Amino acid sequence: MDADLAAMLPQVLEETEIASQASLNATIGGKAAQFIDLHHEVILSPEQYVMLYMRGFKRAMSPVDAPRPDANRRNFEKFRASKAAQAYFLLFLKRSYLKHFAELSRKRPPLEESEVWIGQNRAHYGLLVTPIWREDRLEWCNDRSEIRHFPKLYWTIGHVLRTGLVVPGDPDRITFRQVDDYLTFFKNVLVRASFSPHERGIAERYVAYVRAAAVPESVPLLIPEFRYGGTAAAHRYRLDFCIVDPFTMRKVGFELSPWSTHGRLTGIAALTQAEVNDIARGNFEREMAKHKAFFREHGVYALIYTDADLLDLDRVFDGMKQYLAPVDAIAPLDHHLLDGFFA
């Protein structure tokens, strides 16, 4: 593509009267972010990229009969008057797509889902994609323009090593230099605070799984104590664990629900059967409301493990493993193979 563009260049510059290759390339490439919603679009082919660019270009230019044509209209007319320029335009866009294939073809978290808050009340932490500290508001937020350029797989061990964790109101990040640094914090700080032996058992198995992985940084995070209300101090619910597929952004929650903490009734000796049933019904309704709320608000479908399941934590974790080994359905192109197949 580079060679073909270089061969076309002299004729294109002559026919469009554009001063240089740098100006020509900027005229085309400099408008991509204006013509295409690069944050939300998942673009799967060079042809789709060209189509989206053309649609945006068409919407942006002034009408053909406008008394004072804008720059987009003037550029369009230059290309329309030159077949060579049109060929250059199409090939340049296709090359641009292939240069940025990895970031353009993968699904990105929407801005409103680009931060997760985890942990107990008054001991919670934020995991963002591109965290920046806003001094004017004294809070953390995402740098929206950089989310699609994020170099790691979203919501993986590599993600948290890249960004660290943040604390509300504090401009200093908690950072981790290597995988074991994060795993130690995960097990001994994030999970330990729950006081649940079942959660600690799952955490230990996850730590061993990550350490044994061929590429630990690519393993999805087992997100503990996912907070429904984010940073809100009086938030209603937490999920024990959550995993986000780094390729599809699909979220799966895991709720460890032993009877001792989620269903057991105490102090009922003096109550009637009807009163006991009302209390049990209320407990059940609150638990189900939690799962419905997480699904409606955050798109998290939660798997619930009860006492019978929790007798065998190895089996529970085996069920989680399928979500810890996601598959990228959009494999990167092997350009060396494509270019040299018949060489």
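Me: Under what definition are salt bridges counted here, and how many does a search of the whole structure find?
Reply: A salt bridge is a side-chain nitrogen of Lys or Arg within 4 Å of a carboxyl oxygen of Asp or Glu. The model to which this criterion is applied is a predicted one. Searching the whole structure under that criterion gives a total of 11 salt bridges.

Me: What is the N to O distance in the salt bridge of E139 and R137, and is each residue buried or exposed, or in between?
Reply: The two side chains meet with N and O 2.6 Å apart, which lies within the 4 Å cut-off. The relative accessible area is 33% for E139 and 43% for R137. The N to O distance asked for is 2.6 Å.

Me: Which residue forms a salt bridge with K152, and how many residues apart are the two?
Reply: The closest N and O atoms of K152 and its partner E217 are 3.3 Å apart. K152 belongs to the loop between strand 4 (139–142) and helix 8 (157–163), whereas E217 belongs to the loop between helix 10 (197–212) and strand 7 (223–227), so that the pair links distant parts of the chain. Both ends are partly exposed, with relative accessible areas of 29% for K152 and 32% for E217. The partner is E217, and the separation is 65 residues.

Me: Where do K321 and D318 lie, and by about how much of a helix are they separated?
Reply: These residues form a salt bridge whose closest N and O atoms are 3.2 Å apart. K321 is partly exposed at 33% relative accessibility, and D318 is partly exposed at 45%. Both lie in helix 14 (residues 313–321); because they are 3 residues apart there, their separation is about one helical turn.

Me: In what sense do strand 1 and strand 2 pair, and which residue of strand 2 is the bridge partner of I118?
Reply: Strand 1 (residues 115–120) is mostly covered, with 5 of its 6 residues buried. It pairs with strand 2 (residues 123–128) over 6 bridges in the antiparallel sense. The bridge partner of I118 in strand 2 is Y125.

Me: Which residue in the turn between strand 1 and strand 2 has a positive phi?
Reply: The two strands form a hairpin with 2 residues between them. The turn residue with a positive phi, of about 60°, is R122.

Notes: Residues numbered from 1 in each chain as written. Predicted model: local features only at pLDDT ≥ 70, side-chain atom pairs only at ≥ 80, totals over all residues. Heavy atoms only, no water. Buried < 20%, exposed > 50% of the residue type's maximum accessible area, 1.4 Å probe, protein only. Helix = DSSP H or I, 4+ residues; strand = E, 2+ residues; numbered from the N terminus. Pairing = 2+ DSSP bridges.
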